[in-house]
Amino acid sequence: MNLKERALAYHTGGKIGITIKKPCATLSDLTLAYTPGVAEPCKEIEKDSTLSYRYTNKANLVAVISNGTAVLGLGDIGACAGKPVMEGKAVLFKKFAGIDSFDIEIDEKNPQKLVEICKAIAPTFGGINLEDIKAPECFEIERELQNAVDIPVMHDDQHGTAIITSAALINAAEITGKKIADMKIAVSGCGASGTACAKMYKALGAQHITMVDSKGVIHSERTDLTKEKKEFACKTDARTLADAFKDADVFLGLSKPGIVTKEMIQSMAKNPIIFALANPVPEIFPEDIQAVRDDAIIGTGRSDYANQVNNVLGFPSIFRGALDVRATKITERMKMAAARALANLAREPVSSEICALLGVQQLAFGKEYVIPNPFDRRVLTHVATAVAQAAFDEGVARVAEFDAAKYCKRLRYTLQ
């Protein structure tokens with residue numbers, strides 16, 4: 001079978017289901033599971049709503065919510081057509097962090113109405129993962145929803161890529177000996193991901209970011225910019241993507257396949273860092289970069305090349321840490337903690353198990369390995385612990401105490 005046939009066969013019947021965690025085989029079990037026994041936890045939760053974390057599945061349940069307006073590279077295909085992707089997110093939550101999730105596709109494009117719908121169903125969940133909602137509406141929806149609910153909300157299209165590429169940038173800077181504050185950074189794509197990445201790079205100290213959208217460089221003389229784009233409008237003579245490439249230390253592509261030429265790559269500074277993340281076809285393929293540069297650090301969104309920027313490195317573990325300390329939100333400090341945890345993990349020895357999975361004899365921190373592999377089980381322990389600690393330190397956790405060492409040990413035990 002070809003890929004299409006195998007994919008359709010794989011998805012037949014859907015990818016997720018519901019399992020029962022408690023016994024329901026006898027009349028006594030039924031008495032506890034439903035009436036009259038179920039009234040007891042209801043009455044306790046009525047007196048103290050936080051007990052829903054103890055007596056229901058809320059503590060381990062995330063909503064994956066989309067309106068289908070920006071699904072993968074498919075665009076606005078509608079809520080129903082986006083459901084396979086949302087089911088896929090639910091699979092990854094369970095596989096990589098043991099988190100249960102419901103995919104919820106909402107046929108609503110009005111931002112305020114979508115926020116109200118999400119707010120109304122929020123009591124069911126311990127967290128909300130917004131997904132595949134187009135820019136600029138996604139910025140407003142995430143901000144307004146987080147202000148309206150007391151559980152963590154994250155639009156993964158924005159922050160997932162920002163966190164992973166920030167980890168890669170931290171390590172690439174270490175390898176090249178460059179300071180992020182001195183780097184000239186060119187970003188192609190000013191949607192949800194590109195904007196979030198640029199903001200996180202600024203938080204890391206970046207001062208020289210040139211962003212490029214479909215109309216060219218985001219410069220201060222343009223009059224057609226959204227509020228989000230205006231934040232990155234700079235005074236520059238650069239007008240095209242090629243102009244932005246000249247002497248750039250970093251290129252981040254979150255735009256269209258094939259738009260970067262070898263000539264653009266040649267015009268970059270020494271030891272360039274190139275994250276060409278259009279998927280499945282990047283802005284430029286690694287072999288085309290290597291044909292003209294032997295000093296580049298290269299990342300893509302694909303699994304068949306080194307340094308895959310895969311959001312599964314982020315969202316499962318981030319929500320795991322947030323859920324386990326009953327966080328009320330996911331803050332910038334928690335996101336940065338996740339990025340630094342991933343960067344630190346990439347500097348640790350890589351197991352033979354991961355090397356075998358990737359078909360290599362050995363793997364070590366360097367140009368070909370600046371971020372961990374998604375199947376490295378230590379991602380969960382490192383990232384979730386860092387996020388949970390950051391939430392506790394910042395005062396957005398509901399737990400009274402947190403012991404990072406004990407928590408990390410518990411996570412390792414659950415992975416066995």
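# Chat on loops, strands and a pocket

User: Where is Asn 271 found?

Analyst: Asn 271 is in the loop between helix 12 (262-266) and strand 9. Keep in mind that this is a predicted model.

User: What is phi there for Asn 271?

Analyst: Phi of Asn 271 is near 50°, a positive value in a residue other than glycine. Most residues other than glycine have a negative phi.

User: Is Asn 271 buried or partly exposed?

Analyst: Asn 271 counts as partly exposed, because its relative accessibility is 23%.

User: And Asn 307, what about its phi?

Analyst: Asn 307 is not a glycine either, and its phi is positive at about 55°. The residue is in the loop between strand 10 (297-300) and helix 14 (315-324). Asn 307 is buried, with a relative accessible area of 7%.

User: Where do Pro 36 and Pro 280 sit?

Analyst: Pro 36 has its place in the loop between helix 2 and helix 3. Pro 280 lies in the loop between strand 9 (273-276) and helix 13 (286-290).

User: Which residues of strand 10 are buried on each side?

Analyst: Ile 297 and Gly 299 are buried on one side, and Ile 298 and Thr 300 are buried on the other, so both faces of strand 10 are covered. In a regular strand the side chains alternate between the two faces of the sheet.

User: Switching topic. What is the strand order in the four-stranded open sheet?

Analyst: The order is 2-1-3-4, and the pairing is parallel. Strand 2 (100-105) and strand 4 (153-155) are the edge strands, each pairing on one side only. Direction ignored, neighbouring strands of this sheet are turned by 20° against each other on average.

User: How many bridges hold strand 3 to strand 4?

Analyst: Three bridges, in the parallel sense, between strand 3 (residues 127-130) and strand 4. Asn 129 stands opposite Met 154 in strand 4.

User: Pockets next. How much space is in the second largest pocket?

Analyst: About 1,200 Å³ lies in the second largest pocket.

User: What lines it, and which residues lie nearest the centre of that second largest pocket?

Analyst: The lining of the second largest pocket has 33 residues, and Thr 19, Lys 21, Lys 22, Thr 56 and Asn 57 lie nearest its centre. By class, the lining has 19 nonpolar, seven polar and seven charged residues.

User: Which element gives the most to that lining?

Analyst: Strand 2, with four residues. Other elements that each supply at least two residues include helix 2 (27-33), helix 3 (39-47), helix 4 (52-55) and helix 5 (83-97).

User: Where is Asn 57 found, and how accessible is Asn 57?

Analyst: Asn 57 is in the loop between helix 4 and strand 1 (61-66). With a relative accessible area of 34%, Asn 57 is partly exposed.

User: Leu 225 is another loop residue. Is Leu 225 buried or exposed?

Analyst: Leu 225 counts as buried at 11% relative accessibility. Its loop is the one between strand 7 (216-217) and helix 10 (227-230). The C-alpha atoms of Leu 225 and Ser 352 are separated by 49 Å, and the residues are 127 apart along the chain.

Terms used
Residues are numbered from 1 along each chain as its sequence is written. This is a predicted model: local features need pLDDT of at least 70, side-chain atom pairs count only at pLDDT 80 or more; totals for chains, interfaces and linings use all residues. Side-chain values use heavy atoms; hydrogens and water are left out. Two strands pair if DSSP finds at least two bridges between them. Axes are lines fitted to C-alpha atoms, for helices over the stretch in contact, and angles run from 0 to 180 degrees between N-to-C directions. On a 1 Å grid over the protein atoms alone, a cavity is a set of points where a 1.4 Å probe fits but cannot get out, and a pocket is an open set with protein on both sides within 12 Å along at least five of seven lines; lining residues have an atom within 4 Å of a point. Grid points are joined across faces, edges and corners, and a volume is the space filled by probe spheres set on the points. Ala, Val, Leu, Ile, Met, Phe, Trp, Tyr, Cys and Pro count as nonpolar, Asp, Glu, Lys and Arg as charged, and the others, Gly among them, as polar. Buried means under 20% relative accessible area, exposed over 50%, partly exposed in between (1.4 Å probe, protein chains only).
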